Amino acid sequence: MSQELIKIASAGSRKETLPEFTIGDTVKVHCRIIEGDKERVQMFTGTVIGRRGEGVSETFTVRRIVNNEGVERTFPLHSPKVADVEVVRRGKNRRAKLYFLRDRVGKSTRLKELRGPTKAEREAAEKSAAAKEAAAEAEAQQQADEPVGEPEPAEA
Amino acid sequence: MTQVYDEAGVLHPVTVVRAGPCTILQVKTVETDGYNAVQIGFEDVKAHRATKPRIGHAAKAGTKAKKFIREIRVDELPEDAVVGASVSVDVFEGVPYVDVIGTTKGKGYAGVMKRHHFGGMPESHGTERKHRTPGSIGGHATNRGTGPKPKKGKRMSGHMGDVKATTRNHKLVGIDKEHNLLLIQGAVPGANGGYVMVRTSKTAKVKA
């Protein structure tokens, strides 16, 4: 019961659509910054090295190197101050937390790039392919149902 | 607990409390009881689990027996305090701060380090078998004078928790009228799913 209440209470604070990205991706985080009554968007570009928490409390950590110094920033995923997360480059990795990157310097901090369609794109493609197939099948069925034209009577 | 964002995008840690609908079970007046008070009940109990006096008492207000009943003393009775009337979270509209009264989580029989934050004894340097002991509990020249007993109120090990506690000056972050929820900033006494009393804060100074 209490979990249900928590869900109801935090529903208003959640984003309806979440940016799609995974651990290892190089991302541009669009941060809303309010200075006085002016609002502007600042970018923070780096590699996503982890996600933690669930629901409205979920956060993700982005790591980048500034002036030869590693900088990590943790953003709340649902915060209205995180306007968007844009994937610049997808990274190949098999881990949930990329803390090993903290011990690396220079070229070795890069992850292999993952090419090809993303999971979402793959699913969408599969869906459209399935729909196409279904449509083709239906058409074939329709054609089969139609009575085959009677052989035209040969003219005497 | 959970978290919610306000309009400015600031994150607040909140406890979600379902407050109502409560039913007014009895109105006490100076004439009949010697003081003014309103008794409210929250959440129904199944009839076969309630005693007949409780069922009868609730029946006077036209409802089922209630699980959690509390009396609120007032100097002057409000006009809408009628037996059988419903009280919902609406009464908290515009209230900036609240106090929460509940029963803390029981910790069982606890030692002095956990119960009273005593420092204990060193872990090494020759200490043997008395790392978490309270040390001396009094001697010849305690305030009691000479005698065989320690001073009254001496803090010792014993049952911890499961006592009434009040936490004060919680910011009231939000009200959900549809689901009768209060979003109260910070942690409140008691376990998840426990029962608490929420009142307008008696001490919080409101900044204009």
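I started with the interface: chain B and chain A bury about 1,200 Å² between them, and carbon and sulfur atoms give 66% of that. Buried area here is the accessible area (1.4 Å probe) that two parts lose on being put together, summed over both. On chain B, the residues losing the most area to chain A are B:Thr2, B:Gln3 and B:Tyr5, together 41% of what that side buries.

Ground rules I noted: this is a predicted model, where local features need pLDDT of at least 70 and side-chain atom pairs count only at pLDDT 80 or more, while totals for chains, interfaces and linings use all residues. Residues are numbered from 1 along each chain as its sequence is written, chains are lettered from A in the order in which they are written, and side-chain values use heavy atoms, with hydrogens and water left out.

Next I looked up the contacts (heavy atoms within 4.5 Å): 14 residues of chain B touch 15 residues of chain A.

β1 (2-5), β2 (11-18) and β11 (181-185) of chain B each give two or more residues to the side that touches chain A; strands are DSSP runs (E, at least two residues), numbered from the N terminus. β1(B) gives the most, with four residues.

Last, I looked at chain A's domains, whose bounds come from an automatic or database assignment: domain 1 is 2-113 and domain 2 is 115-144. Their C-alpha centres lie 34 Å apart.
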